[in-house]
Amino acid sequence: MRKLIIDCDTGTDDAIAILAAANCSDIEILGITSVNGNVSENHVSANNLNLCEYIGLEVPVCHGAFVPLYSGFQNTEDMTHGATGLGTIVLPSAEHHSFDPRIASRFLYETAMACHGELELLVTGPMTNIALAIIQYPDFALNIRHLYFMGGSVIGGNVNTNAEFNIWADPEAAHVVMMSGIKLTMVGLDVTLKAIMTKEDVSALRKRNSRTSNLAADILDFMFERFARGGENVIMHDALAAAAALCPECMEYESVWMDVERSGDYTRGHTFADLRGRFGNPPNVRAAMRLDNDRFRAWLVSMLVK
Ligand code: BDR
Ligand code: CA
């Protein structure tokens, strides 16, 4: 059985990624680690804890970084995921499940060592926790089998012309991860902007009428309302990163050398892809470049109705 930790800033689409991964029989989720991003860490970690209890996912849930490595960014303005991160959804507060006492980077390290090089990571928020584990524990990177992340884009951004949110929120951390030697699969805006769900998908989820399928449908309905108000579409950024790990056939990939801009008047947070090989460095990232969205949607719905 493959072993996975999900490091996330839950987050509506992070929640969908967790729900899908939790229902996938190919992997064992070993823990959920929380990071400041879509909303502040206290909201993210509460969402993760409440979500795990709600769906009966009995795994360690950890607090993580409250601010990025360098910038001090905390999201107080962008309401893409609502004030607390789960849109208009209010989950019951966890009563039986409490936080693991370890901070994310330590939990990540100890779990990686216990897995003897077999641990995989799914990262759907800023990369602060992962960078901290790399910085604090020299043998951490060597013991990660693969890291799948939602972030960046070869072409274009969503926070601004150049930068995608997860990378923009902590470019220094993303740089540390990209230079770490860990095998990386990037699921960026090049594909995620096409991973849009439909009303038919919501109907299929409602028809199943399980706790997971109804929660997923509630989240998608929030996204439809958000889109109607002029906000982001019903885009499955983070569930698509889960698909890279669990249904890789729905995308095509290109290997490329990539780094993150950490300065620049206009380009901080841009993921620079050396498409022409000008720098002569070997590829460090396998970037998803094309998506079969019908195949992805079918996979995602099938995971959410299990
Ligand atoms: C990413 O930022 C967040 O809004 C989403 O959860 C996703 O991880 C998309 O840019
Ligand atoms: Ca996210």
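**View 1. Ligand 1 takes up the largest pocket in this predicted model.** A pocket here is an open set of points on a 1 Å grid over the protein atoms alone, where a 1.4 Å probe fits and protein lies on both sides within 12 Å along at least five of seven lines. A molecule counts as sitting in one if more than half of its atoms lie within 2 Å of its grid points. Helix 1 (12-22), helix 5 (165-169) and helix 10 (237-246) are the elements that each give two or more residues to the shell around the ligand. Helices are DSSP runs of H or I with at least four residues, strands are runs of E with at least two, and both are numbered from the N terminus.

**View 2. Who's in the shell around ligand 1?** Look for Asp13, Asp14, Asn38, His81, Thr124, Met150, Asn158, Glu164, Phe165, Asn166, His237 and Asp238, each with a heavy atom within 4 Å of the ligand. By type, that's two nonpolar, six polar and four charged residues. Nonpolar covers Ala, Val, Leu, Ile, Met, Phe, Trp, Tyr, Cys and Pro; charged covers Asp, Glu, Lys and Arg; the others, Gly among them, are polar.

**View 3. Polar contacts to oxygen atoms of ligand 1 (N or O pairs within 3.5 Å).** A polar side-chain atom of Glu164 comes to 2.4 Å from a ligand oxygen, and one of Asn158 to 2.9 Å. Taken alone, ligand 1 would expose 280 Å², and the protein buries 97% of that (Shrake-Rupley method, 1.4 Å probe).

**View 4. A salt bridge between Arg2 and Glu120.** The closest N and O atoms of this pair are 2.7 Å apart. Arg2 belongs to strand 1 (residues 2-8) and Glu120 to strand 4 (residues 119-123), so the bridge links parts of the chain 118 residues apart. The whole structure holds 16 salt bridges, each a side-chain nitrogen of Lys or Arg within 4 Å of a carboxyl oxygen of Asp or Glu.

**Notes.** Residues are numbered from 1 along each chain as its sequence is written, while chains are lettered from A and ligands numbered from 1 in the order written. Local features need pLDDT of at least 70 and side-chain atom pairs 80 or more, while totals for chains, interfaces and linings use all residues; side-chain values use heavy atoms, leaving out hydrogens and water.

Methods. Polar contact = N/O pair within 3.5 Å; in protein donor to acceptor, adjacent residues only side chain to side chain. 1 Å grid on protein atoms, 1.4 Å probe; cavity = no way out; pocket = protein on both sides within 12 Å on 5 of 7 lines; lining within 4 Å.
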